[in-house]
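This report walks through one structure, part by part. Please keep the sequence and the model in view while reading.

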Amino acid sequence: MPELPEVETVVRDLKKVIVGQTITAIDIIDNRVIKDLSNTQFKRKLKGKTVQSVTRRAKGIIIAFDSDDYLFVHLKMTGQLIYGAKQNIKETKVVFSLSDGNYLNYNDQRLFGWLIYTTDLDTIGYIKTAGPEPFGRDFNCAFIREAIKTRKVPVKTLLLNQFFVAGIGNIYASEILHRAQISPMKPSFRLSDIECERLYDQTVDVLKESIRYRGTSMRNYRDSKGRRGRFMNRIRVYNREGKDCLSCGDKVKRIVQSGRSTFYCASCQD
Ligand SMILES: [Zn+2]
């Protein structure tokens, strides 16, 4: 699933190419990704609209129009927004024709993604309930110290909790904890002040570094030009069970927490 760095990469790319453009036509191949509106309604709402901005909230993409309305896109597991030529592959579900003659293709192999048209972003539960942005003012060491006080869940589970912090998924949770040298099994409330600091610093650093490398392409993720992210080459533990820890040479271990794989080094993380 695309996490914050992948979504941020798509947002930054789209900003450069679709702001100021008008949607001239919409081709709906499979409407299961469109929420709450019929094909006719969706086309009527969006045709003729001019893009004013492209921003991100948590793992969601907000395309704002100059008419004070929005298209909210959540890529979920396998969604892709590809700008350029019109695509006609089996994953292509919706194609927006743009005034510059190019197209914005929404591809989604597994159809879990959402395209939501709205005049009020607060009506979208996902946006309304998302926790603080990792690069925002509300997320800092003091916030973490306060938040962990009452939480007994393992710190890996806490990082995946979107109400605690927005945008982190399974890949970055393992990477952040490895770099912060904190065991993923450690109960959150047991983190020392120093560990809270390391957790904060590494959360910000790992996500920023991944954005610089245009995200991680484990399986389906592609940027808006259809390219893979290069953070894949900088991964230290995720999906590396039995391989050497890049810090100490010990073997990377895999455990299952809340039904999801966690990768860590028992020597480096305690
Ligand atoms: Zn190690």
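## The nonpolar core

The largest nonpolar core has 65 residues, and those with the most contacts inside it are Leu71, Val73 and Leu115. Such a core is a set of buried Ala, Val, Leu, Ile, Met, Phe, Trp, Tyr and Cys residues joined through C-beta atoms within 7 Å; a residue is buried if 20 or more other C-beta atoms lie within 10 Å of its own, exposed if 12 or fewer, and partly exposed in between, with C-beta atoms placed from the backbone. Helix 1 gives the largest share of this core, six residues, and at least three residues come from each of domain 1 (4-129) and domain 2 (141-264). In soluble globular proteins, nonpolar side chains tend to be buried together.

Leaving aside neighbours within four places in sequence, Leu71 is in contact with Leu46, Ile63, Leu115 and Tyr117, where contact requires that the C-beta atoms of two residues, placed from the backbone, lie within 7 Å.

## Basis of the model

The model is predicted, so local features need pLDDT of at least 70 and side-chain atom pairs count only at pLDDT 80 or more, while totals for chains, interfaces and linings use all residues. Residues are numbered from 1 along each chain as its sequence is written.

## Two domains and their contact

The domain bounds come from an automatic or database domain assignment, which gives domain 1 (4-129) and domain 2 (141-264). The C-alpha centres of domain 1 and domain 2 lie 28 Å apart, and their contact takes 18 residues from domain 1 and 20 residues from domain 2. On the side of domain 1 that touches domain 2, helix 1 (4-18) and strand 5 (79-84) each supply at least two residues, with the largest share, eight residues, coming from helix 1. Helices (H or I, at least four residues) and strands (E, at least two) are DSSP runs, numbered from the N terminus.

## Strands around strand 6

Strand 1 (residues 23-28) and strand 6 (residues 92-98) pair in the antiparallel sense over five bridges, pairing being counted if DSSP finds at least two bridges between two strands. Asp27 has Val95 as its bridge partner in strand 6.

Strand 6 is also joined by five bridges to strand 7 (residues 103-108), and these two run antiparallel. Here Ser97 stands opposite Tyr103 in strand 7. The hairpin formed by strand 6 and strand 7 has four residues between them, and Gly101 in the turn has a positive phi of about 90°.

## A covered helix

Helix 6 (residues 170-179) is mostly covered, with ten of its ten residues buried. These buried residues pack against helix 5 (155-160), helix 7 (193-212) and strand 10 (260-264). After helix 6 comes Gln181, whose phi is positive, near 55°.
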